Amino acid sequence: MFRAATGELVDQVDGRRTLGHPGNALANAGDMTGDGRPEVVIAAENTYIRGVGYAGRVYVESGAPLLPLYFIDGDEHFGAFGDCVAGLGDVDLDGFADFAVGKLALVSKGEVSVYSGATQSLDFQVVGGQYDWWPLTIAGAGDVDGDGHDDLAIGAALEAPNGVVCVISGATHGLLLQISGQEMDTLDLGWSLAGAGDLDGDGKDDLWIGAPGASTPFVFGMGAVIAYSVAKGQVLSTVMGQGELESFGETLANAGDVDGDGTVDFVAGGRANVEAGVVRVHSGKTGAKLIQLVGAAGDHVGESVAGAGDVDGDGRAEVVVGAPFADPHGVTDMGAVYILGL
């Protein structure tokens, strides 16, 4: 964890402390302890659990400095508990933030477990049933139905034929909406997800959905990011990629308000030509392109993206972009992380 203003290392968690392989998935979980600082959820899906096998473990750490609060172990050998994690906001309305953990479970059915940030207890589980590679991704959806409870979005982009997104009620734990890529005439629906806030002004939160396999009749695999109203059950807008096999929407995040217009924006990445990678920030209000970063061949720019908050104090949000095979200073495949803003 680094201090944005100075680049100073604040703290780190490594395998010596966790006895696993931490960092395959991370999430800002919000304030679980009431101290005014957000906690961090750190997944280590390959951790060996005595008596079970490589079941996975998830750590909850206090904000900087990172101090261990507790951990939760998976219960199935090769279950990949912690394959994905997400902060959810306040699902159970106890005043504290909650979080979700995905278990890929290559042998049995995938699961998403929602935990109370306040009590550390399991609130509820959603089991994948017929879905393949479920969950591939999870995200806090905000309050999509206006009942005061924050809700949960789950993506299974490899579910035949074209991917599926399920939105789960934080209040009833039931299915609010299921969207399929076949219905929306796109591929890989739900490869990435991000809560979008209230884009259309109806008082209910909306959802951004990545579909990197989306195509047009003339250009294959451009990819797309779809703004979707769960309350209305309809697409609000679609931003397509800009080139064949760009796979725009493989990564996706709420960028915060990058352009200062009062509406949150999104940042998304795609592999682009020869794995160069591309990242674009688009306006949540108009869909207009605000920022673009294109990598050199093999850089994998945009393999990870996230909102960074207001790093430079100018009143507008910045984004952070990972490029794990970039060549800074002429050193091959050293990797780089970029902070972008207007």
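**View 1. Surroundings of Val230.** Leaving out residues up to four places away in sequence, Val230 touches Val144, Val167, Leu177 and Leu207, where contact means heavy atoms within 4.5 Å. This is a predicted model in which local features need pLDDT of at least 70 and side-chain atom pairs count only at pLDDT 80 or more, while totals for chains, interfaces and linings use all residues. Residues are numbered from 1 along each chain as its sequence is written, and side-chain values use heavy atoms, without hydrogens and water.

**View 2. The largest nonpolar core.** This core has 18 residues, and among those touching the most other members are Val165, Leu207 and Val230. Strands S11 (137-142), S13 (164-168), S14 (175-180), S16 (206-211) and S17 (224-229) each give two or more residues to this core. Apart from it lies another core of 17 residues, including Phe124 and Trp134. A nonpolar core is a set of buried Ala, Val, Leu, Ile, Met, Phe, Trp, Tyr and Cys residues joined through side-chain atoms within 4.5 Å; buried means under 20% relative accessible area (1.4 Å probe, protein chains only).

**View 3. Asp151 in strand S12.** Asp151 lies in strand S12 (residues 151-156); strands are DSSP runs of E, at least two residues, numbered from the N terminus. The Asp151 side chain reaches the backbone nitrogen of Gly170 at 2.8 Å and that of Val144 at 3.0 Å. Asp151 is buried without a salt bridge, and Lys204, the nearest side chain of opposite charge, is 10.0 Å away. A salt bridge is a side-chain nitrogen of Lys or Arg within 4 Å of a carboxyl oxygen of Asp or Glu.

**View 4. Cys84 and Cys166.** The disulfide count is 0, with a disulfide taken as two cysteine sulfur atoms within 2.5 Å. For Cys84, the nearest cysteine sulfur is that of Cys166, 13 Å away. Cys84 is buried at 7% relative accessible area, and Cys166 is buried at 3%.

Note on methods
Helix = DSSP H or I, 4+ residues; strand = E, 2+ residues; numbered from the N terminus. Buried < 20%, exposed > 50% of the residue type's maximum accessible area, 1.4 Å probe, protein only. Lys, Arg positive; Asp, Glu negative; His and termini not counted. Polar contact = N/O pair within 3.5 Å; in protein donor to acceptor, adjacent residues only side chain to side chain.
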